[in-house]
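This report covers side-chain packing: charges over rings, aromatic pairs and nonpolar cores. The sequence and model are shown below.

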Amino acid sequence: MSVAPGGAALPVRVRFAPSPTGWLHVGGARTAYFNWLYARRRHGAMVLRIEDTDVERSSTESESGVLDDLSWLGIDWDEGPDRPGPYGPYRQSERLALYRARAAGLLERGAAYPCFCRDDELEARRAAALAAGRPPHYDGRCRTLTEAEREARRGEGRPESVRFAAPAEDQVLADAVRGEVRFPAGMVGDFVVLRASGLPTYNFACVVDDAGMRISHVIRAEEHLSNTARQLMLYQAFGETPPVFAHVPLILNPDRTKMSKRGGEASVAVSDWRRDGYVPEALLSYLALLGFHPGDDREVLSRAELLEAFTFERVGRSGSVFDPDKLRWVNAQLLHHAAAAELLRHGADFLPDAARRLPEAQRLSLIEAVRGNLSTLADLPAELAPLLGEDATPDPEARAVLASPRAREICAALADNLAGLAEWSGEAVKSAILAEGRRLGIKGRELFQPVRAALTGRVHGPELPVVAASLGRERCLARLRAAS
């Protein structure tokens, strides 16, 4: 819990505030997860706020996609557009009257002033300042206008925005991850809080909302650190206590630039990894450990383990490179050890039609049979194919194994032996294979590999008893005889 000026503990309230202008970025997913972990560990509230004031780029489809991805990840929230709470509404587009009222309050107190500069004028002055080696701050020309001069500019039909008068003093942030961060006086010039269109700027809306929604901790990516000086000024102007800030490190491309979708780089959208057969626990575990250290050498952590381990003190300050091969390994580990019912639930959309038509008990048995060969759920169709079809077309390695006379002899003899089995089961088939090996004087790879190649068309795969039980007597006999 954070502490109020009077010393009383305040409830933990965090927020995740996506802009519905596209898909959910993996960096955004990690930020949402860090917020969720912090709130749930401390029995606090998670607020979902939609920052949709970019009218041209925002869409309801993007909002739905972001919410759907968060739900798929298992990141739930207590208040949001679909879960009313005491501090709504939770879409910025529905809070415009509030922003205008707070801007009017700043004007009344002299903390802000009307600005009549056009965009082309501002850009020309900015370019001139840069050319002269000066900081490209606003030059303050509207700050000291008299009321008569302001009315004259209104009469000219000039655009009118509201610009905050930045105080000439240092701003000091006690960041929960980075320690003390000092923003020296003069680093930030006067800045717009309300555009001439009536829409708020990001920093202004952010402070109005975080203060109004009683957010106690702002956990966000370090790219927002540069915004914090302006936000601290606004908190001071409103007479509000700032939340605790925690700026977490970025997720990086291999060249250590901010992770983005470029040719040859890993996907940045959660929906892409979801579509490619990754399970939410794998993605969350991997993302959490980019920039967070659990205090030991564990490489895969469950949600419960992360809830137990997560603290700001264990969040690093340096960015981490996103490694898709490592994510694939984490995903494979979870697929190999997850309960069959959980695998079936996650993998339902990846099952081939032939598997979907089977009773649930058979589908579970098939999942169990191939789980050890899965790296992603997208591997399911190829791994299940030998267990579902009438034939098993050998791959090049299997063809090479079955080309030897010895292999054909083994398959023919085993087919004759299996035809007489009184009761068909995986263990009975295994016993028959071993008995045939003793009769022929062979064992190990020389015995089992031809059988596997004949039954599955591959030299690697599920245990033979599982294969035999899944295929049944008739298909096993047919495949062995076809290979002999």
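Which residue lies over the face of Tyr 138, and at what distance from the ring centre? In this predicted model, that residue is Arg 163, at 3.8 Å from the ring centre of Tyr 138. Another such placement involves Arg 83, which lies over the face of Trp 77. The distances are listed here.

| Charged residue | Ring | Distance from ring centre |
|---|---|---|
| Arg 163 | Tyr 138 | 3.8 Å |
| Arg 83 | Trp 77 | 4.8 Å |

**Aromatic pairs**

The count of aromatic pairs comes to ten. One of them joins Tyr 33 and Trp 36: the ring centres are 6.0 Å apart and the planes meet at 25 degrees, so this pair is stacked, given that planes under 30 degrees apart count as stacked. Both residues belong to helix α1 (residues 26–41), where they are three residues apart, about one turn of the helix. Tyr 33 is buried, with a relative accessible area of 1%. Trp 36 has a relative accessibility of 7% and therefore also counts as buried, the cut-off being under 20%.

Phe 310 and Phe 312 pair in an edge-to-face arrangement, with 6.3 Å from centre to centre and 75 degrees between the planes. Both of these phenylalanines are buried. They also take part in a cluster, linked by ring pairs, whose members are Phe 34, Tyr 38, Phe 292, Phe 310 and Phe 312.

**Nonpolar cores**

In soluble globular proteins, nonpolar side chains tend to be buried together. The largest nonpolar core here has 97 residues. Among the residues with the most contacts inside this core are Leu 70, Leu 73, Ile 75, Phe 322 and Leu 418. Helix α1 gives the most to the core, with nine residues.

What does Leu 418 touch, leaving aside its neighbours within four places in sequence? Leu 418 is in contact with Trp 424, Val 429, Ala 432, Arg 473, Leu 477 and Leu 480. Of these partners, Leu 480 is also listed with the residues that have the most contacts inside the largest core.

A second, separate core has 34 residues, including Val 47, Val 162, Ala 229 and Leu 232.

**A buried arginine**

Is Arg 150 buried or exposed? Its relative accessible area is 16%, so Arg 150 is buried. Arg 150 is found in helix α5, which covers residues 147–155. Beyond its neighbours within four places in sequence, Arg 150 is in contact with Tyr 113, Pro 114, Phe 116, Cys 142, Arg 143 and Leu 145.

Note on methods: Residues numbered from 1 in each chain as written. Predicted model: local features only at pLDDT ≥ 70, side-chain atom pairs only at ≥ 80, totals over all residues. Heavy atoms only, no water. Helix = DSSP H or I, 4+ residues; strand = E, 2+ residues; numbered from the N terminus. Buried < 20%, exposed > 50% of the residue type's maximum accessible area, 1.4 Å probe, protein only. Contact = heavy atoms within 4.5 Å. Phe/Tyr/Trp six-rings, centres within 6.5 Å; stacked < 30°, edge-to-face > 60°. Lys NZ or Arg CZ within 6 Å of the ring centre and 35° of its normal. Core = buried A, V, L, I, M, F, W, Y, C linked by side-chain atoms within 4.5 Å.
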